[in-house]
Amino acid sequence: MKRVRIHAGNVGLVFKSGDYKRVITSGTHWLGFNETVAKYSLTTAFNAPKALEILLEDQALANMLHVVNVEDNQIVLVYTYNNFKQVLTAGQYTFWNTLVDYKFVTVDLSKIEITENISKSLYTNMQLRQYIRAFEVAAYEKAIMIVDDKFDKILDHGTYHFWRNNQTIKIAKADLRQLQLEVSGQELLTKDKAAVRINFYAQYKVVDIETALMQNKDYEKQLYTSLQLALRAYVGAYTLDELLEQKDQIAKAVLEDVKAQASKLGVNVLHAGMRDVILPGDMKDIMNQVLIAQKKAQANVITRREETASTRSLLNTAKLMEDNSMLFKLKEMEYVEKIADKIGEITVAGNGNVIEQLKDIFSVNK
């Protein structure tokens with residue numbers, strides 16, 4: 001006989017000639033002939049020295065153990081005192097249940113949705129993040145979720161987490177803000193065969209994300225082509241002068257024509273406009289000459305109008321002075337004053353009758 005002491009927080013497994021016999025807990029125990037003891041801490045996982053199935057035949061030992069079986073396509077999250085500890089993959093594990101408070105959460109990796117009660121703060125944990133895939137949809141976006149090449153659902157803005165497995169997940173996003181599409185540098189012929197280059201734009205919003213992304217490929221390119229063709233058709237129906245005069249009306253007509261086509265793309269076209277109509281160099285010179293000639297003609301008309309008004313004003317003034325001698329003298333004095341302003345010095349020479357001569361000049365009654 002020999003005495004063995006098991007300290008608190010430990011247990012011992014007694015073997016005789018290599019065969020398991022019993023479990024002993026804290027305290028002093030006596031071992032028989034050829035018996036040995038293997039000591040284990042109750043605070044760590046239990047690694048069975050023999051086949052676990054043989055050990056579990058002892059009900060006393062079985063009652064002291066958590067036996068966790070993890071199947072393929074499963075993981076188990078281990079918590080101690082409600083704090084995450086580790087991840088268990090496929091296999092069999094045993095933990096002592098007498099001292100430490102364990103909790104086990106089994107995760108089915110054959111599905112993609114995270115339905116288990118797991119704190120989101122663990123999604124980035126070093127041990128767990130290898131089993132999780134994340135997708136982010138910005139605040140101004142919506143997305144469609146495609147699982148194994150099949151449409152699954154529409155995702156609003158936010159961050160989404162899914163279990164990582166053999167299923168493929170694709171996220172296609174669409175910007176829901178008001179967007180602008182530029183149709184730049186379009187070389188077009190007018191009805192009178194004038195070559196022009198036009199810069200056109202359209203503002204639009206995606207209103208049906210499933211139609212835009214699932215039923216159409218490259219909806220932006222298709223919208224661009226629709227605008228381009230509509231613009232070409234309308235420009236070709238107008239002469240150059242009509243195009244320059246009615247470009248706003250043409251833009252409205254293009255907008256209305258494209259709206260119906262855009263709705264099939266899941267898009268609503270809000271506004272369209274013709275930014276520039278650029279003429280080739282020789283045509284630009286001709287248009288400038290026409291403009292100069294028009295402005296010269298307008299300037300001549302204005303000059304003639306002003307000359308006529310000035311002459312009419314002089315005629316009216318002459319008639320007034322003819323009827324009123326005092327007004328005539330005042331006009332004379334006004335001109336004498338203007339002349340005097342230009343003269344720095346006056347030298348008077350004569351026969352001594354200068355005063356009389358001045359009186360005669362400024363006398364009202366000659």
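Two strands pair if DSSP finds at least two bridges between them. Helices (H or I, at least four residues) and strands (E, at least two) are DSSP runs, numbered from the N terminus. The model is predicted: local features need pLDDT of at least 70, side-chain atom pairs count only at pLDDT 80 or more, and totals for chains, interfaces and linings use all residues. Residues are numbered from 1 along each chain as its sequence is written, and side-chain values use heavy atoms, with hydrogens and water left out.

**View 1. The hairpin of strand 2 and strand 3.** Strand 2 (residues 10-16) and strand 3 (residues 19-24) run antiparallel and are joined by 5 bridges. Phe-15 stands opposite Tyr-20 in strand 3. The hairpin has 2 residues between its strands. In the turn, Ser-17 has a positive phi of about 55°.

**View 2. An open sheet of 3 strands, in the order 3-2-5.** The pairing is antiparallel. Strand 3 and strand 5 (35-41) stand at the edges; each has a single partner strand, so one side of each is left without a neighbour in the sheet. From one strand to the next, the twist averages 25°. Axes here are lines fitted to C-alpha atoms (for helices, over the stretch in contact), and angles run from 0 to 180 degrees between N-to-C directions. Strand 2 is joined to strand 5 by 7 bridges. Val-11 stands opposite Tyr-40 in strand 5.

View 3. Ser-110 is partly exposed, at 42% relative accessibility. The classes are buried (under 20% relative accessible area), exposed (over 50%) and partly exposed in between, with a 1.4 Å probe and protein chains only. Neighbours within four places in sequence aside, Ser-110 is in contact with Asn-73, Asn-165 and Gln-167. Contact means heavy atoms within 4.5 Å. Asn-166 is 56 residues from Ser-110 in sequence, yet the C-alpha atoms are 8.0 Å apart.

**View 4. A nonpolar surface patch made by Phe-151, Ile-154 and Met-214.** The patch covers about 240 Å². Areas come from the Shrake-Rupley method with a 1.4 Å probe; for residues, only the protein chains shown count as cover. Patch residues have over 30% relative accessible area and no salt bridge; like charges are joined within 9 Å, nonpolar side chains (Val, Leu, Ile, Met, Phe, Trp, Tyr) within 5 Å. A salt bridge is a side-chain nitrogen of Lys or Arg within 4 Å of a carboxyl oxygen of Asp or Glu. Met-214 is found in helix 3 (residues 209-214). Its relative accessible area is 37%, so Met-214 is partly exposed.
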